Amino acid sequence: MSYLSTLRCSMCGREFDPAGLHYLCESCSQDYHPGMPLKGILEAIFDYDAIKQTWDEFLNAFPEASEQQKMDELCDLFSPLNRDYYPNLPVGNTPLIECANLLAEPLYLKFDGVNPSGSFKDRASSLVVAEAKRLGIREIVTASTGNAASSLAALCAAAGLKAIIFTPAKAPVAKLVQIRVHGAELHKVEGSYDDAFAQALEYSTQHECLNRNTAYHPYTIEGKKTAGLELFIQMNGVPDYIFVPTGDGVILSGIHKAFSDLRQAGIIEQLPVLVAVQAESSDAISSYLENGYYRDAANPVTVADSISVKTPSAAHLAFRALKECGGMAIRVSDVEILSAQKMLAERSGTFCEPSSASTLAAYFKAKEQAWIRNGAKAVLMLTGHGLKDIQAVDFAD
Ligand SMILES: *Cc1c(COP(=O)(O)O)cnc(C)c1O
Ligand SMILES: [Zn+2]
């Protein structure tokens, strides 16, 4: 059973019945068109009192519960869907590694590269696939340049659903192989990611299917929320800082939602400070936070393909999340990213994508500039596996 009570517009507060299929708020998205950040993204709202009661009952009944038992029982309370609908390919539950070899202070690495398709995106795909199963929908469409598509392909395969992918020309070859090997239907789009986004939207208005475009369906955010809930259990409390590689801003919004839900339920008081980490050229959310108004990234070319975004879908939601938690944004260069990738591989044993290594580069910058407190507990979200883009690795120096 789920404690979901309603879907609420993040802009005007209008509510929608979660029994049906909803994307953006109809009022707030009237003047939305592809090529601008989404407007009227819906948020799942829960019966927080009931969650708190069940949470306390569990902890009272099982005071010696292991971390794994807590992850299984407690994180689930915040899921909008019953577990029965989940595809039979477990995602999430990823390790939190305490690494003492990078700096004098311990640093926590949340390694999501070990998900079935090798990235954090599996968290969202799994929940969207579950929702399609609940609704009896057999096809799911998405626009993506890489991980969202390879992830959807894998999870649809596990559930016996069809994945339809719109992708603009170039993506790392391993990601394209994943899409194909899992049997997804691939439509190559002439043009940009925005064009692919538009075509996927068009497709879903004309076919009976579910659209997984990032942030468009509220469960893409709910799926990404699970990492924040796991962190709370694994750290036995709220970390001080969480460094999040940020492109569309949906992972950031999802992690924020986890702690905001925990706070609404009265389980925590303080939110963690989120750090949006962006590549220098793909910095729309960083500029938004600094300037207070939104503007596209002019030319988002970076080695970190997963965070290369011109128009972040969840820019407004991510902006609000950063404001609420007193968060910050840090830009890092491709050179810094690649050197951080090697350092993580050599000193922690984790091999992550350039997007994910950006978090270590940003952490170093934050320490250098004294933007974060000494002795604070910081987590780096390592969102994707390094084997997804071996061409990117820089062996020079
Ligand atoms: C998609 C992705 C990101 C960025 O997530 P957004 O929600 O677009 O900000 C970071 N790392 C990896 C590996 C990804 O696939
Ligand atoms: Zn609205």
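What we've got here is a predicted model, where local features need pLDDT of at least 70, side-chain atom pairs count only at pLDDT 80 or more, and totals for chains, interfaces and linings use all residues. Residues are numbered from 1 along each chain as its sequence is written, chains are lettered from A and ligands numbered from 1 in the order written, and side-chain values use heavy atoms, with hydrogens and water left out.

So, the sheet. It's open, with three strands in the order β2-β1-β3 and antiparallel pairing. β2 (15–16) and β3 (42–46) sit at the edges with a single partner strand each, so one side of each has no neighbour in the sheet. Between β1 (residues 4–9) and β3 there are five bridges, and C9 has L42 in β3 as its bridge partner.

Now the helices, which are DSSP runs of H or I, at least four residues. How do α4 and α5 pack? Helix α4 (residues 147–159) and helix α5 (residues 173–181) pack at an angle of about 25 degrees, axes 8 Å apart; axes are lines fitted to C-alpha atoms over the stretch in contact, and angles run from 0 to 180 degrees between N-to-C directions. That makes the two roughly parallel, meaning an angle under 35 degrees. In contact terms (heavy atoms within 4.5 Å), α4 brings N147, A149, S150 and A153, and α5 brings K175, Q178 and I179.

How values were computed:
Angles under 35 degrees count as roughly parallel, over 145 as roughly antiparallel, 65 to 115 as roughly perpendicular and the rest as oblique. Two strands pair if DSSP finds at least two bridges between them.
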